Amino acid sequence: MTKPLPTHAQAVIIGGGIHGCSVAYHLAKSGWKDVVLLERKTLTSGTTWHAAGLVGQLQGSHSTTVFASYGIELLQEIESETGQNPGLRQPGSISIALGCDRLAELKRKADFASLFDIKAHYIETDEIAERWPLINTNGILGGIYMPSDGSANPIDLTQALAKGARMNGTAIYENTKVEDVLTENGKVTGIRTNEGNIKTNIVVNCGGMWAREIGQQNNVGVPLHACEHYYLVTEPIKSLPKNLPVLRSYCDGTYWKEDAGKLLFGFAHLHAKAWAHDGIPENFEFDSLPFIEEDVFEVLEMAMNRVPILQEVGIRTFFNGPESYSFDGKFTLGEAPSLKGYFILAGVNSTGIQSGPGAGKALAEWIMAGHPQMDLSEMDPARIEGWQAQDPYLRERCAETLVLTYAMHWPGRQRESARNLRRTPFFHLMKVKGAVFTETQGWERPGWFAPEGTKKIYDYSFQRPSWFHHAQAEQKIVRENVAIIDYSMLGKLMIDGSDAESFLQRVCTNNMALNVNQVNYTLMLNNRGGIEGDITVARHCEESFMIMSSISQTQRNQSYLQSQVASGEDVCLRNVSTAYAVLSIAGPKARDLIATVSNIDVSNDAFPFNTIQHFYIGHAPVFAQRLSYTGEIGWEIFITPDFAEHVLETLLSAGRYFNAGFVGGEALNALRIENGFLHWGHDMSYTESPHQVGLDFICKTNKHISFIGRDAYLKRKLAGKGPFLCHVKLHDAEPLLHHNEPLLKNGKVVGYITSGAFSFAQNTSIGICLINSNDKATIERGEHAVMVEGKRIPATLRLKPFSKPQT
């Protein structure tokens, strides 16, 4: 180090790879002149330096696609600003399909591109051969061509960002290791390094594959693990076209790019390996890993078949290097929920070069504004439970993420590693009854039930998987008889204390001055009037409330609620999700079934909607709340685990007389979409306000205690700006809706599907969608269609759901 560290900084960034330099660049460009970046060795020396450098604009989600599209813009402009050429080349990219399912996926990908005005179109096999003359076209059905994709030089791009950051005041120190992040009272106060301390209120962990270890020092979960990733570079190939597009053959697990007269080709491994189980070596810098031919032999054979010239030319470079992968295939980007001022950008699953500029910009904007400037909920660190950031789990899950990179991106695809971690008390009985399980937050939950003699295989399709008709039959059970659904993984928090009611009045939009044994659905808003979460609240006694939500949002909701407890407020939060098993009993015969097995009057007058009663089923004490996520009349029954199987057996025995049946998550999802029940993180997030998604009715603006975000919400409502949530139904019963299909009005893209499914009652696909419009009154007018695999499917659009929930 040639100059001493400063004693203070506005922000300290840990890590000098693409992400750390991007965050520094964007903070400095926005006027933060007192930013310090610390790199343990040399800039780019971790994983950035050996990246393949592919820069495709279209990614798997809205936010990551925005990141990648911005990355292209920055690559086109940064040389004129800094004088550093990032090595951008834009020969385009071609993705090929070897089967009908892959072709369907690629066509859906091209549909998705239209949401961002990114050029992508289907091409026939002959055009593929014309644009990529080295390819063996055997088995190729077609592909997608994206003319503005290409590649960049990872080191040059990172150095350009670093230079731009320095030009705007950032101080960069190499060979400076951060040994500890200093904290006090749950807030960042500084950092300690081998060269001294710096006081700061903001630390950004961009430590790459070290980010997990850095986070563990402060009990901050960063769920990533380094995995081995291979690529090869050929000897020079005579007459190799310099404008050769980047080629991706997902089915062969391989990508290719022209590299200074040579071919670089890398692999999405069929059998990935986590690396550095015992920690990354202290002296790791610009290092590679041993190349083990057996690890890539199977994929290499496919590559040589697809590009036959590989059988003739020599290989100049056999490379194996570590790349970071996350447990769920999503980034970790944002502020740690338990430590104010501690920000993270890590675990980008080998997309750092194409996503780094945009991700760094998004995090810099979050830091400066104090909140995200776009919907980043899918990558929020608050989604992570502590056990999901532990090394043994990550070694299994993160390696699978690498394997799935080029696998089929099926709707609803389930992970196969680290399964059967959390099982409800009904797991074994339901498994015997044919349950085929999905997994969320480690919980095993029935996705559908296989009739006797049917294979219990969770296969996938963009059309109709083998279990499609079984899930339809389960919707019919709910609509016509009575369903039994395992709700045990419902997230459950208790809020206790003498200030519990006033606290909930402040954080919730609905009226929380509930009677004991009364239930209400409510939103929680942020100061910008956006929806921070949706929960169901039940008052169990004067000073005790139960908060219920999807298990995927429970960790985040708990962190948010805890952050809102004021100093001196008598409020205690505790997670009781595992304290109760829960069964939903729903359908037109639900009342008859409950009456048969219980000792209470379940008439509408005696047991009204949104109330709770305590009673017995068989010999078991239970309590139940009268509500349902299915749209049919129903009860959610809470049982302590010791009595759980007894209650289920009692219900099954009596249920025979009412044609009761088990129902899984696939049917439930279709039913909730049909009835307009929203899912936070899919249909709404903190960027939407209640008026945009039809939830004004649970915003009580005249409460004696105003809720957080009230004034901002009213201001946004008065402005009347969209997008607005609507409901769509296809006129053709054949195509299926899943997620992200573009919605057209009079031939122009105006929105997209947030949730889709096939409805038994409607006998066609239905969806919830967001429409870009500032005139809600005219949304239903015009001719509407949904793009499905390149085809425009006529559709009906409505502001209200296609079914009315029964209460």
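**Entry 1: two helices.** I began with the crossing of α1 and α5, which is left-handed (the near helix is turned anticlockwise from the far one by less than a right angle; clockwise would be right-handed). I noted that this is a predicted model, where local features need pLDDT of at least 70, side-chain atom pairs count only at pLDDT 80 or more, and totals for chains, interfaces and linings use all residues. Residues are numbered from 1 along each chain as its sequence is written, and side-chain values use heavy atoms, with hydrogens and water left out.

Helix α1 covers residues 18-29 and helix α5 residues 154-167; their axes come within 8 Å and cross at roughly 30 degrees. That makes α1 roughly parallel to α5 (angles under 35 degrees count as roughly parallel, over 145 as roughly antiparallel, 65 to 115 as roughly perpendicular and the rest as oblique). The axes are lines fitted to C-alpha atoms, for helices over the stretch in contact, and angles run from 0 to 180 degrees between N-to-C directions.

Who makes the contact (heavy atoms within 4.5 Å)? I found Ile18, Cys21, Ser22, Ala24, Tyr25 and Ala28 on α1, and Leu157, Thr158, Leu161, Ala162, Gly164 and Ala165 on α5. I sorted these residues into nine nonpolar, three polar and no charged. Here Ala, Val, Leu, Ile, Met, Phe, Trp, Tyr, Cys and Pro count as nonpolar, Asp, Glu, Lys and Arg as charged, and the others, Gly among them, as polar.

Entry 2: Is strand β32 buried or exposed? Six of the six residues of β32 (634-639) are buried, so the strand is largely enclosed by the rest of the structure. Buried means under 20% relative accessible area, exposed over 50%, and partly exposed in between (1.4 Å probe, protein chains only). I saw Gly634, Glu636 and Phe638 pointing one way from β32, and Trp635, Ile637 and Ile639 the other way.

Next I checked the partners of β32; two strands pair if DSSP finds at least two bridges between them. Strand β29 (581-586) pairs with β32 in the antiparallel sense over six bridges, and alanine 586 stands opposite glycine 634. Strand β31 (620-625) also pairs with β32 in the antiparallel sense, over four bridges; glutamine 625 has glutamate 636 as its bridge partner.

Entry 3: I followed an open sheet of three strands in the order β9-β10-β11, with antiparallel pairing. Its edge strands are β9 (178-184) and β11 (196-199), each pairing on one side only.

Then I traced a closed barrel of six strands, β34-β37-β36-β35-β38-β39, again with antiparallel pairing. Its neighbouring strands are turned by 40 degrees against each other on average, direction ignored.

Entry 4: Last, I found aspartate 696 in the loop between α16 (665-674) and α17 (710-719). Aspartate 696 counts as partly exposed, at 21% relative accessibility. Not counting residues up to four places away in sequence, aspartate 696 touches Pro690, His691, Tyr713 and Lys717.

Note on methods: Contact means heavy atoms within 4.5 Å.
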